[in-house]
Amino acid sequence: MIAPSPSLPAFWEARRRESPDLPEAVPLAWAFGATPDHADALLDLVLRGVKDGTASSLWDYEESGEPLPEVGELSVILDGTGEPRAVLVTTHIAILPFDQVDAEHARAEGEGDRTLAYWRSSHERYWREHSENPRGFAPDMPIVCQRFELLWPR
């Protein structure tokens with residue numbers, strides 16, 4: 001897990017000066033993926049407008065005790081060094097078995113060739129290698145499919 005840098009509060013204050021309607025409290029800050037390189041690569045897809053979806057294991061949320069994302073929730077996205085680089089708003093949440101995630105969600109994640117086959121292969125490998133829970137991966141494991149909109153930078 002990548003920890004936010006000490007610059008997070010100043011980053012959020014700068015965003016609030018640009019958009020005074022943003023809440024005072026700094027939103028949850030997190031990075032995509034499990035490694036700094038993965039975080040940077042996935043953040044790049046977001047910043048280029050290719051990625052507007054992500055998926056997480058419900059079992060990992062249960063293991064870590066982190067709250068599930070909610071529609072309307074803001075997030076600060078970190079790069080691989082923990083620096084804040086983007087602000088997202090969650091627009092849709094669906095919890096589905098892994099084997100029922102569809103091609104549209106795979107496309108939204110923007111990875112590889114954006115096909116469902118690629119998504120299934122890469123995500124199975126990811127959860128086998130990086131799960132935070134002892135169950136790891138199962139074809140019917142519950143997946144939190146999240147869609148989002150990039151608010152900053154535009």
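# Briefing: sheet, helices and pocket

In strand β5, Val144 is the bridge partner of Ile95. The model is predicted. The strand β5 belongs to an open sheet of 5 strands with mixed pairing.

**Sheet layout**

- The order of the strands across the open sheet is β1-β3-β4-β5-β2.
- Two strands form the edges, β1 (28-30) and β2 (53-57), and each of them pairs on one side only.
- From one strand to the next, the twist averages 40°.

**Pairing of β4 and β5**

- Strand β4 covers residues 84-97 and strand β5 covers residues 142-152; the two run antiparallel and are joined by 10 bridges.
- Besides the bridge between Ile95 and Val144, Leu96 has Ile143 of β5 as its bridge partner.

**Other strand pairs**

- Strands β2 and β5 are antiparallel, with 5 bridges between them.
- Within β5, the bridge partner of Gly53 is Arg147.
- Strands β3 and β4 also pair in the antiparallel sense, over 5 bridges.
- Ser75 has Leu88 as its bridge partner in β4.
- The hairpin of β3 and β4 has 5 residues between the strands, and in this hairpin Gly82 takes a positive phi near 95°.

**Helices on the sheet**

- The open sheet, ordered β1-β3-β4-β5-β2, has helix α2 (residues 36-47) packed on it, where α2 touches β3 (74-78), β4 and β5.
- The direction of α2 makes about 95° with that of β4.
- Helix α5 (residues 116-130) packs on the sheet as well, touching β2 and β5.
- Between the direction of α5 and that of β2 the angle is about 40°.

**Largest pocket**

- The largest pocket holds about 980 Å³ of space.
- Its lining is made up of 39 residues, and the closest to the pocket centre are Ala31, Phe32, Gly33, Ser56 and Tyr126.
- Two or more lining residues come from each of the elements β1, α2, β2, α3 (58-64) and α5.
- Helix α5 gives the most to this lining, with 8 residues.
- By residue type, the lining of the largest pocket divides into 19 nonpolar, 12 polar and 8 charged residues.

**Aromatic pairs**

- A search of the whole structure finds 8 aromatic pairs.
- One of them is formed by Phe11 and Trp152, whose ring centres are 5.3 Å apart and whose planes lie at 80°, so the pair is edge-to-face.
- This pair links distant parts of the chain, since Phe11 is in helix α1 (residues 8-18) and Trp152 in strand β5, 141 residues apart.
- The distance of the centres and the angle of the planes are what describe a pair of aromatic rings.

Technical notes: Residues are numbered from 1 along each chain as its sequence is written. This is a predicted model: local features need pLDDT of at least 70, side-chain atom pairs count only at pLDDT 80 or more; totals for chains, interfaces and linings use all residues. Side-chain values use heavy atoms; hydrogens and water are left out. Two strands pair if DSSP finds at least two bridges between them. Helices (H or I, at least four residues) and strands (E, at least two) are DSSP runs, numbered from the N terminus. Axes are lines fitted to C-alpha atoms, for helices over the stretch in contact, and angles run from 0 to 180 degrees between N-to-C directions. Contact means heavy atoms within 4.5 Å. On a 1 Å grid over the protein atoms alone, a cavity is a set of points where a 1.4 Å probe fits but cannot get out, and a pocket is an open set with protein on both sides within 12 Å along at least five of seven lines; lining residues have an atom within 4 Å of a point. Grid points are joined across faces, edges and corners, and a volume is the space filled by probe spheres set on the points. Ala, Val, Leu, Ile, Met, Phe, Trp, Tyr, Cys and Pro count as nonpolar, Asp, Glu, Lys and Arg as charged, and the others, Gly among them, as polar. Rings of Phe, Tyr and Trp (its six-membered ring) pair if their centres lie within 6.5 Å; planes under 30 degrees apart count as stacked, over 60 as edge-to-face and the rest as tilted.
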